[in-house]
Amino acid sequence: MILVPLLLSLAFQQPDGRLEGHVPAAALPGIQAAIAKAVQDSLPTEPLIEKALEGGAKGASADLIVSAVNTEAGRLRGARDLLRHAGAPAPYSARELVSVSIALARGVPEPVVTRVVSAVKDSLPGFALHAVADLQARGFQPDSSADLIIAAVGAGMSAHRLLDVAAAAEREVQRGSTRPQALARIKSILPAVPPQPLPPGAMQGAVRPRKPATP
Amino acid sequence: MKNELDPRIHRALDGELDPAALDAGERALVARLDALSRSLSAVPAGRSVAHRVMAAVRRPLATPIQRFRRWVTSPQPITVSLRPVYSLVIAVLLAALLWRTPEGPKPVLGAEEGVAQFVARFPEAHSVAVVGNFNDWRPGATPLSDDDHDGVWDARVILPAGQHEYMFVVDGERWVPDPMAGRYVDDDFGRQNAVLLVRPHRTQQ
């Protein structure tokens, strides 16, 4: 009898249940308004809650937290529009939207993101975008990087193995190749790119982070 | 000095001669020696070894439980005969067993989970924790450890596959982006978060 109302209250827990006590009270109305707008737009709300919690943990002011939450909502909207434009099938998960948003935040040009998303539309674009962003961060041209990653997808490599492609290109540069030579070399051996081995004992003692259940 | 016992007294002590056949002095000597023998040994005097052996033979057989208890509690000689080649194999196996690196329990991961290893060098730190969107940015939720006190802190964390933003919190108050991450995004609060991509465990193998 006591458990029923408790379980019901947990089931209908509002997002601010996680926020109260972790963000300034003055920020709550602004955050809730941003969340309500995201729900109206069929956008995921979890990234907004996480952004608010991040601001609270970092000691940011209420105004800055609300501003950051709205900025995050804007990025999610932009990511959704980009996915639509690229022809990716809706609905879009929080993971897809966040991966596009992070790729843009890491400086991958919007046309390159659109091209990659179009090429991998049957699977999650996160790994492909991450691989392109990694290559770009290591000095490779964004367009050429996208060409290599799209070629790897075309060669049948799974999304999770695309990071190995980026790492292999980086190793070619370390061996003395120029960046264009490295990209050409890796492209020529696709899909035979060696996987990156896990360090010994990498699984031992792994723990799950403590996090309240998502409302 | 010759110290021989009269054979008749000897036989009387062994129970082979009735003491009544002796004179009073001899009987007194036999009685003294018998008392002395009793005080020196719990073995009943006046009985020969043959008598005692026969008494043991005539004693009723012990029950299986008694025999088992006697076998368990009394010392038993154990002889192990091994061919040298078997000894060598056993020695090698034992050495391999001892040589093996001790391993902790392996966690059970879901299909869309992977393991992230966080490593950071903070020689002066008293505590280091990793915070990110995977633990609601709570500084105490995921501590790193430095068991050998070499200033290198580490933690292995099971996370959902995908991208995560994180920072380190040193001594509970200093927020530091992972200097080894190589991937960063602005955090909208004037700093940068490190970005981590977790691959599903089945593809990490």
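Two residues are in contact if their C-beta atoms, placed from the backbone, lie within 7 Å.

Helices (H or I, at least four residues) and strands (E, at least two) are DSSP runs, numbered from the N terminus. Once neighbours within four places in sequence are set aside, B:L22 is in contact with B:R8, B:A12, B:R27 and B:V30. Take B:A12: it lies 10 residues from B:L22 along the chain, and the two C-alpha atoms are separated by 8.6 Å.

Is B:L22 buried, exposed or partly exposed? A residue is buried if 20 or more other C-beta atoms lie within 10 Å of its own, exposed if 12 or fewer, and partly exposed in between, with C-beta atoms placed from the backbone. B:L22 has 18 other C-beta atoms within 10 Å, so this residue is partly exposed.

## What you're looking at

This is a predicted model, where local features need pLDDT of at least 70 and side-chain atom pairs count only at pLDDT 80 or more, while totals for chains, interfaces and linings use all residues. Residues are numbered from 1 along each chain as its sequence is written, and chains are lettered from A and ligands numbered from 1 in the order in which they are written.

## Chain B and its strand β4

Chain B has six helices and seven strands, and from the N terminus on they run α-α-α-α-α-β-β-β-β-β-β-β-α. Of its 205 residues, 22% count as buried.

Now find strand β4 (residues 162–170) of chain B: nine of its nine residues are buried, so the rest of the structure largely encloses it. Which strands does β4(B) pair with? Two strands pair if DSSP finds at least two bridges between them. Strand β2 (residues 128–132) of chain B pairs with β4(B) in the antiparallel sense over five bridges, and there B:V130 stands opposite B:F168. Strand β7 (residues 192–198) of chain B is also joined to β4(B) by five bridges and runs antiparallel to it, with B:L196 opposite B:H164.

Strand β5 (residues 174–176) of chain B pairs with β4(B) too, antiparallel, over three bridges; here B:W175 is the bridge partner of B:V169. The hairpin of β4(B) and β5(B) has three residues between the strands, and B:D171 takes a positive phi near 55° in it.

## Over to chain A: helix α5

A nonpolar core is a set of buried Ala, Val, Leu, Ile, Met, Phe, Trp, Tyr and Cys residues joined through C-beta atoms within 7 Å. The largest one here has 90 residues, and A:A128, A:V132, A:I149, A:L162 and A:V165 touch the most other members. Helix α5 (residues 62–86) of chain A gives the most to this core, with nine residues.

The buried residues of α5(A) pack against α3 (28–40), α4 (46–57), α6 (94–105) and α7 (110–119) of chain A. With α6(A), the packing angle is about 100° and the axes are 8 Å apart (axes are lines fitted to C-alpha atoms, for helices over the stretch in contact, and angles run from 0 to 180 degrees between N-to-C directions). The two helices α5(A) and α6(A) are therefore roughly perpendicular to each other, a label for angles of 65 to 115 degrees.

Notes
Parallel < 35°, antiparallel > 145°, perpendicular 65-115°, else oblique.
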